[in-house]
Amino acid sequence: MSFVAEAVQTRRGWGHFPLLRALASNPVTLAALVIVIVFLMMAAFAPWLAPYPPTKIDVLHKLQPPSAEHWFGTDHLGRDLLSRIIHGARTALTIAIGSVAVAGSVGLLLGLIAGYGPRWLDGVLVLVFDSLNSLPMIMFALAIITVLGTGTGTLIFVIAATSFPSYARLIRAQTLALKNSDYILAERLMDAHPLRILLVHLLPNVVGPLIILLSMDIPVVIMVEAGLSFLGLGVRPPTPSWGSILYDGYTSIRSAPFVVIFGGLPLVLATLGFTFLGEGLRDSLDPRLKLRRPA
Amino acid sequence: MLTYAVKRIGLGVLILTFVMVAMYAAVFLIPGDPATVALGPRATPELKRMLIERMGLDQPVWRQIIEFFRNALTGNLGYDVWSNRPVSALIMEALPKTLALGIAALATALIIGVPIGCLSVIRRGTVVDTAIGMLSVGVIAVPSFVVAIYSLLIFAVTFRWLPAIGAGEAGDIGSQVRALILPVMAIALGWIGYIARMVRASMMEVMGEPHIRTARSFGLPEWKIVGKYALRIAIIPTISLVAVGLGGILSSAVFVEAVFARPGIGKLITDAVNTRNYPVVMGTVLVMTAIYVTITIAADLLIARLDPRVRDVFRG
């Protein structure tokens, strides 16, 4: 079979989406993909999916065990647990995707500048990346929360501020590796504007590994948001968050253990789903990237 | 090696200075003055004045900064706004409990994770290997405080095998160890998976080496080749990764400590953040950052000592 024919062959069926085909070929990755899609749907359509408003208090029916009306039961204020978990998906994913998008953009920009810019600027930026990278993330987050107060905005800022340096370092390394390749030199000989080289030629070639790294960090962000909300330092009540649901359940763990049991499930499923999807993405796109550390 | 060490330590000192200045500057960014924020809107003017004086906020800014640095360098981290106890004493009380938790968790993870990684290599390519690989990723993914809550529910609330909260009676080692088991397992679980994966990955690189082939040609059993000759080389990157990890564990222990109400650094700082107790927050963050940076530098130097390629990268 000729090369062209082979190329045409692979374009049939799944061939139009080679990445999707690669992901679907591994049953675990496929399951992870399904879980992630379910959570994304939950976040997108929360008000229509949730049987009750997530903040509707009904003290007469507090800590009700699971029943036909309340599938997951109710919490200490009589709020429907299932509705709070569905809306919690919206909180978790807004913060996860928001902070990863902010951190990814900042990291991309600064990484390109450090890699392609003058040497002194590179030195300064690397020093900034290294300094921020060597701070213990949770401690840094707690210090900022003390100053800025709690809330969604603070959370996105804190997480983005602590995670962009690793993205910037990745992009910088990629840019440095490509900087002296022939096609970039050719552009430079033709007197192309540096912005053109950066945006048209370097950007598309360095962005791949970044996307994998970002996808692998989403479960970490979900965990940090839930953890801080568990401590009462994340999103403000009564905004439903998986972390604050867990805390509410934790305070009534002896009398109503089902709150904790159901409250922890979305966290377990979401972190597993996003992690295995990230692993699948990495395996099919760039297996050289490093393993994730436990959070 | 010396240039590398000097550069690395210099960077560490720079980072700590940066953190101190940033934290000090941050206090001035707070909307409203810190005294009002700490005391609430209904505080009397006298009370507010007292607090401002005690926090040194009536001094000019430059004096405050110099004062702050001088005090921090001499081990004086200021006083708790509420109890008026020295912050350094509060930290010295809480730190050993957090250190014990972190070190015990890492030790547990090593003791369980390394043999699992070896098993994965011995049975490479089989179902056992695949299962270990999947389980490892799974336990890395699940947040430690969720593990903590579920294990609290199962082992402390339902079966009552282990204490649910606290750090055990003072002076009673037995009760302290029993109080450590659940928090240690909650933190160690993810690290077991991580260490197993690291050991497997670095061992697979070693397995093609000549001395392994020689050992095999002598007819040594596979477990002996893996556990003795391959592990000896493969353990080096793992140990250095674990050293770096200790710094991270100490700060993420915050969540697990909150679940088990252990009176460690995590509880100290969480309570302080909730009550806007700035001196305690600043002091704790500073000490934890110093510990984290020191551990990271020590681990980096260890890696450089063991693997000359690292310091060449830093030089170039």
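**Ground rules.** I am working from a predicted model, where local features need pLDDT of at least 70, side-chain atom pairs count only at pLDDT 80 or more, and totals for chains, interfaces and linings use all residues. Residues are numbered from 1 along each chain as its sequence is written, while chains are lettered from A and ligands numbered from 1 in the order in which they are written.

**Chain A.** I looked up the secondary structure and found twelve helices and zero strands. Here helices (H or I, at least four residues) and strands (E, at least two) are DSSP runs, numbered from the N terminus. The C-alpha trace of chain A spans about 75 × 55 × 30 Å along its principal axes. I then checked burial: 47% of the 295 residues of chain A count as buried. A residue is buried if 20 or more other C-beta atoms lie within 10 Å of its own, exposed if 12 or fewer, and partly exposed in between, with C-beta atoms placed from the backbone.

From UniProt, in an unreviewed entry, I noted "domain: ABC transmembrane type-1" on residues 89-278 of chain A. UniProt positions are given in the numbering used here, feature names are shortened, and annotations may be inferred rather than shown by experiment. That stretch, residues 89-278 of chain A, is 84% helix and 0% strand, and its end C-alpha atoms are 19 Å apart.

**Chain B.** I counted 13 helices and zero strands here. Of its 316 residues, 38% are buried. I also looked at contacts (C-beta atoms, placed from the backbone, within 7 Å). In chain B, 71% of the contacts with a separation of 6 or more join residues 24 or more positions apart.

The unreviewed UniProt entry marks "transmembrane region" on several spans of chain B, including 134-157 and 177-196. I checked both. Residues 134-157 of chain B are 92% helix and 0% strand, with end C-alpha atoms 30 Å apart. Residues 177-196 of chain B are 100% helix and 0% strand, and the ends are 25 Å apart.

**Where the chains touch.** I find 47 residues of chain B in contact with 41 residues of chain A. Among the elements of chain B that each supply at least two residues to its side are α1 (2-29), α10 (222-259) and α12 (278-306). By class, that side of chain B has 34 nonpolar, eleven polar and two charged residues. I count Ala, Val, Leu, Ile, Met, Phe, Trp, Tyr, Cys and Pro as nonpolar, Asp, Glu, Lys and Arg as charged, and the others, Gly among them, as polar.

**A:Pro136.** Buried or exposed, I asked of A:Pro136? A:Pro136 is buried, with 24 other C-beta atoms within 10 Å. I placed A:Pro136 in the loop between α6 (119-133) and α7 (137-148) of chain A. Leaving aside neighbours within four places in sequence, A:Pro136 is in contact with B:Gly247, B:Gly248, B:Ser251, B:Met288, B:Thr289 and B:Tyr292.

**The core.** The largest nonpolar core has 159 residues, and A:Leu142, B:Ile149, B:Ile195 and B:Val281 have the most contacts inside it. Such a core is a set of buried Ala, Val, Leu, Ile, Met, Phe, Trp, Tyr and Cys residues joined through C-beta atoms within 7 Å. Beyond its neighbours within four places in sequence, B:Val281 is in contact with A:Leu142, A:Ala143 and A:Thr146, among others.

Note on methods. Two residues are in contact if their C-beta atoms, placed from the backbone, lie within 7 Å.
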